[in-house]
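Colleague: I would like to learn how to read a model like this one, feature by feature. Where do we start?

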Amino acid sequence: MSALPEIRELVLRHAGRPAPGGLVLHRSDSPTEPMPSQSAPVFALIAQGAKYAVLGERVFSYGAGQFVVASTELPVIAHVSEASPATPYLVLGLALRPPLIAELLLETPPSRGEPAAGIAVSTASDDLLDVVVRLLRLLDRPDDQRVLWAGVERELVWRLLTSEQGGTVRQIGLGDGNIVQIERAIRWIREHHADLFRVEDVARAAGMSVTSLHRHFRAVTTMTPIQFQKLIRLQEARARLLAEPGDVAGVGFAVGYESASQFSREYRRLFGLPPGQDAARLSRVDPAQLADV
């Protein structure tokens, strides 16, 4: 972890400033509210503080020196769990580019295993931290940045591909196969989350058999298609309630619920309060505490 203090200092200095090449640096001085979080495709390293994320029934808690990779867009609910003005939460995120990963896959042995999980957390190796700190140093050296950025980014992606989470990263670069079909299924469910549908409809949209869809969808998302739909509905409901806090019944109906009691029950199970109370509470929260960082 010898590089972590310098990574922390660099993220702290550059947080919030424009950065090149899909790099984003964030700082949070206080814990945030659990909110839907953009999950993919990305590599994120925690330099300081900690974050807590939930995907279906899986819980991820990760802190300084750990990283998360995500291969597809998943309905994660996440929040900063450790942060203060004296010790802010610091994180760097780098968008993972499919063409670069596909190019590097030509240098790795082929894999015919089952799809990896769509999101995974690990402790960063010293080799990975060394690449990250060299990438961040380029932010202070514009001339070097123009020449060296692409090579350091390539090395970083290679370290991820050869890490224990290489299977998740590999999926980003695959142009065909089951992961692409699962992405089709995810997009279709998002677009039709308010509709009544059968699993056969999702399988048809993905170009898979129902059996294959169930197996691979759960492997990537940790959920069944129906569980995924319910989570999307509830996340959409919460976003709408932030804008329309006084229309609980209308919001429930708009996202696909026919029963107000079922909507309230499932919303409370996920977010801890009935929808009306949750919306009222969130309306009093500092907007900075609702940010996805």
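**Reading the model**

Modeller: Start with one residue. Serine 122 sits in strand 9, which covers residues 119-123. Keep in mind throughout that this is a predicted model.

Colleague: Is serine 122 buried or exposed?

Modeller: The call rests on relative accessible area, and buried means under 20%. Serine 122 has a relative accessibility of 4%, so it counts as buried.

Colleague: Which side chain makes a polar contact with serine 122?

Modeller: That of glutamine 165, at 2.7 Å. If residues up to four places away in sequence are left out, serine 122 touches Gln66, Phe67, Glu164 and Gln165.

Colleague: Let us go from one residue to the whole chain. What is its secondary structure?

Modeller: The chain has twelve helices and nine strands. Its radius of gyration is 20 Å, close to the 19 Å from the globule rule for 293 residues, so the chain is as compact as a globular protein of that length. The C-alpha trace spans about 60 × 50 × 25 Å along the principal axes.

Colleague: How much of the chain is buried, and how many of its contacts link residues 24 or more positions apart?

Modeller: Buried residues are 48% of the 293. Of the contacts with a separation of 6 or more, 76% are between residues 24 or more positions apart. As for the surface, the accessible area is about 13,700 Å², and carbon and sulfur atoms hold 51% of that.

Colleague: And the charges?

Modeller: There are 31 positive and 33 negative side chains, and the centres of the two sets lie 3 Å apart.

Colleague: How should I read a helix?

Modeller: An α-helix has 3.6 residues a turn, so residues three or four places apart point the same way. Take helix 7, residues 199-206, in which Val199, Asp201, Val202, Ala203 and Ala206 are buried. These buried residues pack against helix 6 (178-191), helix 8 (210-221) and helix 9.

Colleague: Which residue lies in the loop between helix 6 and helix 7?

Modeller: Phenylalanine 197 is in that loop. At 13% relative accessibility, phenylalanine 197 counts as buried. Beyond four places in sequence, phenylalanine 197 touches Trp188, Ile189, His192, Val202, Ile226 and Gln229. One of these, Val202, is among the buried residues of helix 7.

Colleague: Where does glutamine 229 lie?

Modeller: In helix 9, residues 225-243. Glutamine 229 has a relative accessible area of 8%, so it is buried. Its contacts, leaving aside neighbours within four places in sequence, are Ile189, His192, His193, Asp195 and Phe197.

Colleague: How do sequence distance and spatial distance relate for phenylalanine 197 and serine 264?

Modeller: They are separate quantities to read side by side. Phenylalanine 197 and serine 264 are 67 residues apart in sequence, and their C-alpha atoms are 21 Å apart in space.

Colleague: Last topic: backbone angles. What should I expect of phi?

Modeller: Most residues other than glycine have a negative phi. After helix 7 comes glycine 207, with a positive phi near 75 degrees. Threonine 222 is not a glycine, yet its phi is positive as well, about 75 degrees.

Colleague: Where is threonine 222, and is it buried or exposed?

Modeller: Threonine 222 lies in the loop between helix 8 and helix 9. Its relative accessibility is 17%, so threonine 222 counts as buried.

Conventions: Residues numbered from 1 in each chain as written. Predicted model: local features only at pLDDT ≥ 70, side-chain atom pairs only at ≥ 80, totals over all residues. Heavy atoms only, no water. Helix = DSSP H or I, 4+ residues; strand = E, 2+ residues; numbered from the N terminus. Buried < 20%, exposed > 50% of the residue type's maximum accessible area, 1.4 Å probe, protein only. Polar contact = N/O pair within 3.5 Å; in protein donor to acceptor, adjacent residues only side chain to side chain. Contact = heavy atoms within 4.5 Å. Rg over C-alpha atoms; globule rule 2.2 N^0.38 Å. Areas by Shrake-Rupley, 256 points an atom, 1.4 Å probe, with all protein chains shown as cover. Lys, Arg positive; Asp, Glu negative; His and termini not counted. Charge placed at Lys NZ, Arg CZ, Asp CG, Glu CD.
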